[in-house]
Amino acid sequence: MMPFVYNFPFFSIFLAMLSGILTPFLKNGKMAQKVNFIMISAVGVMSAVLLFALMQDGGATYTYMMGHFPAPWGNELRAGPLEALMALAFSVVMLLCICGGFRDIFEDILPEKQKFYFIMLNLLFSSLLALVYTNDIFTGYVFIEINTISACAIVMAKDSGETIVATLRYLIMSLLGSGLFLIGITLLYGITGHLLMSDVQNQVVQLVATGRYQVPLTVVVGLITLGLSIKSALFPFHSWLPGAHGSATTASSSILSGLVLKGYIILLIKMFYRVFTIDVIRSLRINDILFFFGLAGMVFGSLRAIRETHIKRMVAYSSVAQIGYIYMGIGMGTGVGMVAACFHILAHAFTKPMLFAAAGALSATRGHKKEFHDLKGSAYDNKLAGVAFTVGALSMIGIPLLAGFVSKLYFALGSMDDSGRMWWTLLVLAASSVLNALYYIPAVIRIWTPSGEKTAVKADREKPGAAFVFSMVVFLFANFALGIGYAPVLRIIETGLSLL
């Protein structure tokens with residue numbers, strides 16, 4: 001008989017969707033927020049219990065048939081240590097993002113629209129969980145579309161001209177990526193006759209061994225990879241990102257950068273391992289292409305961030321560079337490189353939302369102005385936000401004892417297995433770290449330089465609330481925990497990847 005804990009992935013997705021369905025019937029945004037917090041907390045607890053259970057005796061994995069109906073009538077979820085770890089991280093980060101931008105949600109969004117904002121958050125969270133756990137590629141597409149619609153909605157929730165324009169750009173690029181992904185899985189179904197990942201993989205292995213459908217299979221891999229790369233803002237498909245992340249309300253910016261982009265990357269990693277196999281990806285040279293664009297994104301994103309004078313847009317362009325890091329690790333085509341990429345997903349998820357939330361709080365001390373010349377000395381008026389922004393900046397630069405350092409260390413180690421990529425990786429890692437310092441260090445200096453003027457907004461509503469304090473403290477703790485106690489996390493990632 002299946003252990004009860006094996007139901008938790010289904011319970012998590014179902015609970016998130018059920019919360020979205022029930023939220024319209026609630027009285028107001030405050031009630032919707034409470035339901036949202038309870039749901040995310042419950043999913044986080046279930047994910048932690050599942051992770052503990054799966055890591056017993058060296059790691060385990062299993063598939064869960066929805067309604068106990070086998071394919072093709074039923075659908076399947078799959079859970080292993082990597083999936084459970086990502087679900088736990090997503091739950092914690094989602095909760096902290098909402099706490100970090102809690103005040104802005106109720107100031108930037110009209111009261112009559114606030115509960116609808118939480119509906120979108122619940123649906124977005126359910127789609128992220130489904131992308132992590134699904135064992136069916138068409139189900140993955142369905143939740144990609146749910147993710148897209150809800151992500152666009154939380155960008156537009158601020159209801160300004162800037163956010164509407166940003167949403168339209170985001171929607172156009174996202175639909176392009178979704179369309180390419182759909183065409184890819186349609187062709188894949190046509191040549192394999194299956195949608196479950198394990199069944200498709202068996203057919204792909206046979207096709208490669210016999211040499212049949214070589215060109216269609218190459219096209220399929222290219223379309224699916226390109227579609228998910230566009231949706232995760234890999235350079236040069238990042239044009240929508242700065243506007244969407246820079247103009248949205250603080251919680252939305254944090255969630256988009258910390259979580260939404262990562263959901264697509266995790267699905268891509270699962271497709272590489274569980275559908276096409278890493279050997280096929282290497283033989284088609286797909287990893288070489290991702291490696292090249294990852295390196296380019298690391299440099300271009302940082303160069304563009306240096307030119308920014310708007311704090312949230314600077315942090316947004318930094319995300320372009322950090323997504324480049326992840327794709328560089330995937331493109332290495334080595335086990336250590338993939339481990340480093342997965343670890344950087346976590347490091348970025350616990351760092352970038354902290355930067356966005358801190359930036360929003362620092363901006364609040366200056367009447368919500370976001371240009372750096374207006375933020376001089378703002379850290380003295382909200383010291384916790386100043387410390388959080390400083391620590392987040394140092395983590396992204398790669399200072400030891402912080403999460404970002406471990407990522408860069410393992411990217412460097414991963415490159416050692418391939419002499420052809422080693423020098424490119426080490427050179428661009430060094431250059432990118434210097435470039436990171438060139439825009440983060442001046443930003444930190446600016447916010448800690450006394451302005452000599454009484455410019456801070458003194459209203460009580462701008463004082464850090466309990467939710468913001470909780471969010472920043474946990475984010476700071478997580479950054480140091482990942483930077484110092486990284487060994488258990490790396491072990492879970494390595495185990496999870498070996499079981500895919």
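Guide: Happy to! Rings of Phe, Tyr and Trp (its six-membered ring) pair if their centres lie within 6.5 Å; planes under 30 degrees apart count as stacked, over 60 as edge-to-face and the rest as tilted. By this rule the count comes to 18 aromatic pairs. One of them is tilted and joins Phe10 to Phe11, with 6.1 Å centre to centre and 50° between the planes. The model is predicted, so local features need pLDDT of at least 70 and side-chain atom pairs count only at pLDDT 80 or more, while totals for chains, interfaces and linings use all residues. Residues are numbered from 1 along each chain as its sequence is written, and side-chain values use heavy atoms, with hydrogens and water left out.

Buried means under 20% relative accessible area, exposed over 50%, and partly exposed in between (1.4 Å probe, protein chains only). Phe10 counts as partly exposed because its relative accessibility is 26%, and Phe11 is partly exposed at 28%. Ring pairs also link Phe10 and Phe11 with Phe4, Phe8, Phe14 and Tyr64 into a cluster.

Now look at Phe138 and Tyr141, which both lie in helix 6 (residues 137–156), three residues apart, about one turn of the helix. Helices here are DSSP runs (H or I, at least four residues), numbered from the N terminus. Phe138 is partly exposed, with a relative accessible area of 39%, whereas Tyr141 is buried at 13%.

Finally, a charge sits over a ring if NZ of Lys or CZ of Arg is within 6 Å of the ring centre and within 35 degrees of the ring normal. Lys30 lies over the face of Phe106, at 4.2 Å from the ring centre.

How values were computed: Helix = DSSP H or I, 4+ residues; strand = E, 2+ residues; numbered from the N terminus.
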